[in-house]
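I set aside this page for what I looked up in the structure, entry by entry.

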Amino acid sequence: MTYCSVFQEMSVNCSLWQENSLSVKRFAFAKYSEVPGECFLLFTLILLMFLVSLTGNALITLAICTSPALHTPMYFFLANLSLLEIGYTCTVIPKMLQSLVSEARGISREGCATQMFFFTLFGITECCLLAAMAFDRCIAICSPLHYATRMSRGVCAHLAIVSWVTGCIVGLGQTNFIFSLNFCGPCEIDHFFCDLPPVLALACGDTSQNEAAIFVVAILCISSPFLLIIYSYVRILVAVLVMPSPEGRHKAFSTCSSHLLVVTLFYGSGSINYLRPKSSHSPGIDKLLALFYTAVTSMLNPIIYSLRNKEVKGALRRTLGLKKVLIMNR
């Protein structure tokens with residue numbers, strides 16, 4: 001074989017490789033289990049959590065919007081969080097449910113990119129909103145006399161806008177960064193949805209720089225709000241400990257307990273999934289964690305805020321009572 005023929009063969013192989021890598025237009029989610037009963041059981045559990053999450057978050061949003069007594073900064077951020085949870089679950093869970101019980105587990109490249117964008121958008125926005133809620137509680141407890149001026153409607157609106165815009169910018173950047181790569185196949189995503197690490201694992205060539213970029217963004221956009229939350233709660237703890245009356249300390253702690261529990265659930269699962277070393281990743285654990293912070297936490301959030309908050313419970317009763325009256329009048 002001459003050098004010329006070898007060179008021509010290498011050129012043809014290279015052209016075929018480029019054509020194949022660029023021709024990947026669809027992905028497919030890996031089958032959860034070969035046992036139909038296991039898939040159906042998980043489908044039922046996720047569907048129930050999805051319905052509870054949608055109903056609970058929609059009711060909390062409606063109660064806050066229709067109750068003038070809840071038109072305060074804390075409940076403004078809670079309404080944003082509830083709307084975010086609705087979008088979060090609707091982005092991921094419908095396709096997850098379809099993949100569990102149907103053979104149609106495929107998703108187009110554009111559909112996968114769209115799902116990844118919205119998932120990242122809602123995830124980063126939630127990190128920022130939880131930090132804004134911690135800041136709100138810090139001002140309310142540590143500087144109650146200046147609370148009305150420091151947490152005015154304008155300030156709250158700016159904090160919410162910054163949270164959503166940050167999530168949008170990070171979502172666009174990360175999605176564009178990953179889908180500018182070539183995918184050679186096999187294009188089976190060993191996950192429940194188009195999350196960043198499992199999709200990046202399917203890319204051709206060396207992706208170490210992309211993985212480092214994702215890790216840096218995770219550090220900045222997940223750890224930075226978390227540090228602000230820790231700082232806020234340290235200040236709250238110091239302020240509460242110097243309060244003279246036990247009643248005042250109990251009231252201060254009770255206003256923060258729901259938020260602190262939600263932060264623990266969200267950051268606990270998210271940090272373990274995105275900030276632990278790559279060598280410790282496994283598809284089974286990743287799927288379990290993803291299921292927890294997409295379905296379980298979204299279901300628990302409205303339960304936590306409604307069960308542990310008398311004002312929210314009262315508003316929910318009034319909202320549901322009003323609905324019953326309207327239905328009866330029809």
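Before listing any lining, I note that a cavity, on a 1 Å grid over the protein atoms alone, is a set of points where a 1.4 Å probe fits but cannot get out, and that lining residues have an atom within 4 Å of a point. I am working from a predicted model, in which local features need pLDDT of at least 70 and side-chain atom pairs count only at pLDDT 80 or more, while totals for chains, interfaces and linings use all residues. Residues are numbered from 1 along each chain as its sequence is written, and side-chain values use heavy atoms, with hydrogens and water left out.

Entry on the cavities. I found two cavities of 30 Å³ or more, where a volume is the space filled by probe spheres set on the grid points, which are joined across faces, edges and corners.

The largest cavity has a volume of about 50 Å³, and its lining includes Phe-29, Tyr-32, Met-96 and His-191. Helix α3 (residues 73–101) contributes the largest share here, three residues.

Entry on the cysteines. I found one disulfide, a term that requires two cysteine sulfur atoms within 2.5 Å. Cys-112 and Cys-194 form this disulfide, with their sulfur atoms 2.1 Å apart. Because Cys-112 lies in helix α4 (residues 109–142) and Cys-194 in the loop between β3 (188–189) and α7 (196–200), the pair ties together parts that are 82 residues apart in sequence. The torsion about the S-S bond is about -125 degrees, so I recorded the disulfide as left-handed.

I then checked accessibility, taking buried as under 20% relative accessible area, exposed as over 50% and partly exposed as in between, with a 1.4 Å probe and protein chains only. Cys-112 is buried at 0%, and Cys-194 is buried at 0%. Cys-221 is in no disulfide, the nearest cysteine sulfur, that of Cys-128, being 6.8 Å away.

Entry on confidence. The mean pLDDT, the predictor's confidence in each residue from 0 to 100, is 81 for the protein, and 85% of its residues reach 70 or more.

Notes. Helices (H or I, at least four residues) and strands (E, at least two) are DSSP runs, numbered from the N terminus. On a 1 Å grid over the protein atoms alone, a cavity is a set of points where a 1.4 Å probe fits but cannot get out, and a pocket is an open set with protein on both sides within 12 Å along at least five of seven lines; lining residues have an atom within 4 Å of a point.
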